[in-house]
Amino acid sequence: MLRRADGPSGRNRNERRARWSTRNKLWVSLLASCAFLLAAPVVWGQTQGSNREGAAPNTCLDCHSQQGPPFGINADEFSSSVHAQKGLLCTSCHGGDSSSDDMTQAMGTAAGFKGHIDRAQIPALCGKCHSDAAYMRGFNPSVRTDQLSQYKTSVHGQRLAKGDTHVAVCTDCHTAHDIRPPNDPVSSVYPTNVAKTCARCHANADYMKEYKIPTNQYALYATSVHYDQLMVQGDVSAPTCSTCHGSHGAAPPGVASVENVCSTCHVVQQQTFDSGPHKGAFAAMNVAACIVCHTNHGIQKPTDTMMGTGKGAICVTCHSDGDPGYTAAAKMHADLVKLDDEIGRSDEILSRAEAAGVEVGEAQLTLKDAQDDLTKARVAIHSVRPDVVDQDVQAGLKVTQSTYQAGLAAMAESKYRRTGLAVSLIAIVFVLIALALLIRKMEAGRGA
Amino acid sequence: MSDQSAFAQDQPERRHALRIFLGTGVAASLASFLYPVLRYIIPPKTVEQTTGNVLAAHVGDLKPNTGKIFRFGNRPALLVLTADGKYHAISAVCTHLNCTVQYRSDLHAVWCACHNGMYTVDGANISGPPPRPLEEYDVILKGNDIYARRRENA
Amino acid sequence: MGVLHRVKNWLDERFGWHEIRAFIEHKTVPVHRYSYWYFLGGMTLFLFIIQVITGILLLLYYRPSTSEAYESVQYIMTQVPFGWLVRSIHSWSANLMIFTAVVHMFSVFFLKSYRKPRELTWLSGMLLLFIVLGFGFSGYLLPWNTLSFFATKVGTDIAGQMPVVGKWILVFLRGGEDVSGATLTRFFGFHVAVLPGIATTLIALHVLLVQRFGMSVPPSIEAEWEARPTERREIRFFPNFLLRELMAWYVALAILGGLAALKPWELGMKADAFAAAPPGIRPEWYFMFMFETLKFIPAKIAWFEGELLGILGFGAAFLAWTLVPFFDGGRRGRAQKLITGAGVFALAYIVVMTVYAYIAK
């Protein structure tokens, strides 16, 4: 056999080439399969667009998620919306063919493409599914399906029917592509977000120019005790715009129904109000109850000064010196202030006793009962009858009397303790002096 | 020893006076220490209030379908006797804004006057603003007495 | 008088009082410019006796269960005649006793009274100091109020950080994984039975050793007296020193009474295991310097937990401090200067850290 000359490693070129081939062929095929295995899912994934794994293709989103306004859609927002989560696609509302890459096919009339939905058509479009009880049952058996019929009774729905497209339609409050269930804190209609959503139009003076209604509701509401309870204290049961005005059937409550609306929560105030003379009087004057004194949007925490005849009182808006209402107001105010003062007096002496070291927990607890009575009295004033108010005030005064006595007893106990301390200190000083003298005497002889 | 005897011989009257002075002082101081101790040892008449078993009411205090507020520890609690003759004891501090709840015979439910919150007689919050149920207590009948006791958590 | 005399003789024949009397009558106490520090040991003992007496009185009404502890203390403070006095004296005297014990320890350290042959006195004293701190920690939980509940939680959490044995110690102290009724029962047992038993034994040993070796004279004074023997002064223990000590004890009583009447110990709110810890929770003042130190240590040093290093550091420091008699050769040299320096540093550190913990907020 013809052999070439040996190379430096002692092997000839043919042998080396053969060895290289076999060994390195193995390496190359190994690396290639790895690369393929790694690349394949990535490449395949790219072809899927932003759908979930295994979900139906959505070519609409593939293009529109790359575009800017007005055709752009935020793919992340859409896919976390409740519609996308339930498997609905763009075609569910807009028609078209979401499986085709071809624009003319995807957005063709053959596929039923509707394009941009006209504002006036939106409620009917949403209602196609949301008013179909049988259809909605398949998603959530207990969800309401009367939103469209309610909307038609609302100010927004009635004006839309007359051709005004400035009013709110479904997408103005719920958004179009980012719809979340109302109990999702991110939703534009979650209780803490409702007022801001309404304010988008209703606080915009320019937008609301033609309607000639105020646009300060949100600003007033933001100063109110309800706003504080909802946004600051975090109590989602506190009222927001939709609580009093309704959501889909939104309309301001009529004069006769304001009291009913407030009393869904404030029952006792309503019951006491109904038992008094104001109910008949306000109805006769066609004046809405509750908001005459408390206003509607900027409701503040009520104070005792609101009731009475002094500065800042509301009663004097209608009543003047000499009429029975004026006298009643003055009497009720005096009653409330008296109980409030007595509670303050008891609280002061009990705090002093506590600071002096006497245990007054029991009395401080009892004082809470008087505070409860004051709260009840402040509700009873809605009857505008001094005798009714006085019942609670007297109950409270009985309590404050006993707590004040307890406070006096505690101060007396403190004094007794200090006297006892003084006595024992005197005895101790006696002993100290005697001991000192004794020691001095004992050690005098030693010149100590 | 020597200074003591010298001391004793020198001024017997002054030493005597001093001893009396010291004796009185010591006796007075000891009395001021012992008097409180002796008063302390004698048990007082009032029985202490615990949250172990709290006496809520006596049998016969409540008519069927009525409720009564009683003190449990340092908070109010509600004892209800329902129409079927069962006693229920729950905390009376509303979980919304801490008003004291009451039993409504007409509604057969527990109601909070402040914002119209409603609970069942077992404390479950069923309507209105309250976000959580009221704490339930165990009811123990001993003879004529009805006791409420906090439930031990596992 | 005859009967009394005969009774005394009868007892003496059986107990040997006359030997003890002779010993006491011969016992003397050196007098020099540092003599006043000699009062501190007796003061600590006196306050301990006050604790035992007021503690026994409290035991007549206190109930150690979660549903009754707070209420029983409230009962003592409001319904039992002079209950407020007994409880406040107990709480104040506890703090005063820890203070005098610590000052007593530092005075012994700086006056070098721990040297041969008094090493065991120092050892028993250090053990007593730890026991006294244990008294403070266990007793603090017993009223079962918010502060004591969370202070115990934090304290046992820190104890649980010790390596190897930490978890076991935590479970042992708490009687379970969390601070609960089991912890209260356990701490009560420690506070009224275990610790008093050990303390009484150690106190007896400590006092006997002090009698055996007499009062130590600081080296500087000893040197002065050796140079000029006529300056050596001693007074008799009985009655001269004892009368003076009696005066000191009466002053302590006056201070305790004043504190109890004018600044009574508060009741607080009943502990709620499910409530969040109130902001600014911290241990009692005698633990503050360690607590504050741990806050300064970064969370991780190299690969060790910062808090763990802090605890181990303190442990090592206390061990070294306890073994100081074995480092002190007794001769005036560099070792002695180092020891004194370490003592000054320790004292300054404790004072500065404690003050800082309170003013830095």
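These are my notebook entries on a few spots I looked up in this predicted model.

**Entry 1: two helices in chain A**

I began with helix α20 (residues 324–355) and helix α22 (residues 386–444), both of chain A. Two packed helices are described by the angle and the distance between their axes, so I looked up both values. The axes of α20(A) and α22(A) come within 9 Å and cross at roughly 20°. Angles under 35 degrees count as roughly parallel, and α20(A) and α22(A) are therefore roughly parallel to each other. I noted their crossing as left-handed. Sorting the contact of α20(A) with α22(A) by class, I found 17 nonpolar, five polar and eight charged residues.

**Entry 2: where chain B meets chain A**

Next I turned to the interface. I found 25 residues of chain B in contact with 27 residues of chain A. Between them, the two chains bury about 2200 Å², with 69% of it on carbon and sulfur atoms. Which residues of chain B lose the most area to chain A? They are B:Leu18, B:Phe21 and B:Arg71, which together make up 24% of what that side buries.

B:Arg71 came up again when I looked for salt bridges: its side chain meets that of A:Glu362 in one, at 3.1 Å from N to O. The count between chain B and chain A is one salt bridge.

**Entry 3: a proline in chain C**

Last, I looked up C:Pro196, and found it in helix α9 (residues 181–213) of chain C. Leaving aside residues up to four places away in sequence, C:Pro196 touches C:Phe135, C:Phe190 and C:His191. I noted that C:Phe135 is 61 residues from C:Pro196 along the chain, with 8.5 Å between their C-alpha atoms.

Methods
Residues numbered from 1 in each chain as written. Chains lettered and ligands numbered in written order. Predicted model: local features only at pLDDT ≥ 70, side-chain atom pairs only at ≥ 80, totals over all residues. Heavy atoms only, no water. Axes fitted to C-alpha atoms, helices over the stretch in contact; angles between N-to-C directions. Helix = DSSP H or I, 4+ residues; strand = E, 2+ residues; numbered from the N terminus. Parallel < 35°, antiparallel > 145°, perpendicular 65-115°, else oblique. Left-handed = near helix turned anticlockwise from the far one by under 90°. Nonpolar A, V, L, I, M, F, W, Y, C, P; charged D, E, K, R; others polar. Contact = heavy atoms within 4.5 Å. Buried area = accessible area lost by both parts, 1.4 Å probe. Salt bridge = Lys/Arg side-chain N within 4 Å of Asp/Glu carboxyl O.
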